[in-house]
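Please keep the sequence and the structure in view while reading.

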Amino acid sequence: MFVEIVLGFTSLIAVFGIASLIKRVDVDPKGKAVLITGCDTGFGYQLSKALDRLGYLVYAGCLFQDGENAKELEKATSSNLTILQLDVTNDKQVSEAFQLINSNLNVKNLNGLWAVVNNAGTSTFGHVEWNTMDTYKFVSEVNLFGTIRITKAFLPLIRKVKGRVINIASGLARQGAAGRSPYVVSKYGVEGFSQCLRYEMKEWGVHVSIIEPGNFVAATNIFTDESISKLSKKMWEEMSEEVQEAYGKGVFDGSVQIMKYYSECGVKDTSPVVNSLKDAVTKKYPKVRYEPKDLYWHVRTFVMLHMPHFISDRLYHF
């Protein structure tokens with residue numbers, strides 16, 4: 001009996017080991033095209049270069065096609081990479097990008113698009129009463145509706161080759177944080193959209209992966225001291241007098257300083273996120289969720305999602 005248990009346990013370990021090895025198998029990049037949004041800087045910029053080096057046909061969507069960063073990206077990559085003018089909030093630009101990519105794929109005798117990486121994003125900070133409705137709308141228009149708009153446009157090409165959709169959510173996509181509601185709302189939406197899409201795409205053989213980065217503000221420079229100061233000045237000026245008096249300038253300035261500290265104390269290297277994105281594109285069996293986070297954010301996520309509220313609130317929202 002003991003021998004049978006040992007053999008059974010050993011067999012189980014072997015099965016899991018083989019399954020893990022199979023999941024690590026790379027797909028052949030030959031003839032596979034990838035669209036990446038938000039390639040002017042940060043994760044999109046680095047991922048474009050990485051996939052180009054691997055031999056993928058890359059369509060790099062940039063907010064500023066003629067900007068210096070786009071020009072540098074073009075110089076640093078091969079002829080397999082094409083820079084696109086692509087504002088994910090602009091229906092016309094999304095339609096034009098689809099027509100261009102679809103036409104190029106036809107010329108190259110490719111059946112469809114292997115992957116869409118919804119990377120374009122924006123962020124802000126500030127309490128609910130400090131932010132205008134226009135701010136909420138803009139952040140969600142980029143992060144959430146931009147993701148939906150791009151996905152809906154390119155899904156027909158993805159389905160044709162049983163490709164994949166990769167969406168960047170956030171470490172804050174499944175947990176709240178004071179002073180971040182416009183951003184958190186948009187990323188919760190990305191999380192929910194991705195989950196629904198994943199279930200719908202199973203019958204088509206299309207993989208959907210979610211990337212949940214921790215704090216990589218310092219790596220991407222999405223916030224700087226200068227941009228935070230500029231944004232906070234505008235935010236204060238747009239508040240009603242009642243809200244200004246209720247919170248006080250001291251509380252407001254303290255919140256601004258916390259945001260500046262947050263933007264400086266995170267991970268300063270983009271590679272954990274870029275590697276997760278690359279894995280989701282290149283592996284035969286990508287993960288459903290990638291969590292490139294430092295230890296603090298892994299612990300916080302576990303506590304916020306699995307511990308009683310009186311514990312998580314005491315630890316993170318005291």
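## Arg 289 and its partner

In this predicted model, Arg 289 counts as partly exposed because its relative accessibility is 23%, and the buried class is kept for values under 20%. The side chain of Arg 289 meets that of Glu 212 in a salt bridge, with 2.8 Å from N to O. This pair links distant parts of the chain, 77 residues apart: Arg 289 belongs to strand β7 (residues 289–290), while Glu 212 sits in the loop between β6 (207–211) and α8 (217–220). Glu 212 is buried, with a relative accessible area of 1%.

## Salt bridges within helices

The structure holds 13 salt bridges in total. One of them joins the side chains of Glu 96 and Lys 92, at 2.5 Å from N to O. Both residues lie in helix α4 (residues 91–107); they are four residues apart, so about one helical turn separates them. Glu 96 is partly exposed, with a relative accessible area of 43%, whereas Lys 92 is exposed, at 56%.

Helix α11 (residues 249–265) contains Asp 253 and Lys 249, which are likewise four residues apart and separated by about one helical turn. Their side chains meet in a salt bridge of 2.8 Å, N to O. Asp 253 is partly exposed, with a relative accessible area of 33%, and Lys 249 also counts as partly exposed, at 39%.

## Aromatic pairs

Eight aromatic pairs are present in the structure. What is the arrangement of the rings of Tyr 296 and Tyr 316? Their centres are 6.1 Å apart and their planes stand at 80 degrees, so the pair is edge-to-face. Tyr 296 lies in helix α13 (residues 295–306) and Tyr 316 in helix α14 (residues 309–316); the pair therefore ties together parts that are 20 residues apart in sequence. Tyr 296 counts as partly exposed, at 43% relative accessibility.

Ring pairs also link Trp 130, Trp 236, Tyr 247 and Phe 252 into a cluster.

## A negative surface patch

Glu 129, Glu 241, Glu 242 and Glu 245 form a negative surface patch. Among them, Glu 129 is placed in the loop between β4 (115–118) and α5 (133–143). With a relative accessibility of 45%, Glu 129 counts as partly exposed.

Note on methods: Residues are numbered from 1 along each chain as its sequence is written. This is a predicted model: local features need pLDDT of at least 70, side-chain atom pairs count only at pLDDT 80 or more; totals for chains, interfaces and linings use all residues. Side-chain values use heavy atoms; hydrogens and water are left out. Patches are made of residues with over 30% relative accessible area and no salt bridge: like charges are joined within 9 Å, nonpolar side chains (Val, Leu, Ile, Met, Phe, Trp, Tyr) within 5 Å. Accessible areas come from the Shrake-Rupley method with a 1.4 Å probe; for residues, only the protein chains shown count as cover. A salt bridge is a side-chain nitrogen of Lys or Arg within 4 Å of a carboxyl oxygen of Asp or Glu. Lys and Arg count as positive and Asp and Glu as negative; His and the chain ends are not counted. The place of a charge is taken as NZ of Lys, CZ of Arg, CG of Asp or CD of Glu. Helices (H or I, at least four residues) and strands (E, at least two) are DSSP runs, numbered from the N terminus. Buried means under 20% relative accessible area, exposed over 50%, partly exposed in between (1.4 Å probe, protein chains only). Rings of Phe, Tyr and Trp (its six-membered ring) pair if their centres lie within 6.5 Å; planes under 30 degrees apart count as stacked, over 60 as edge-to-face and the rest as tilted.
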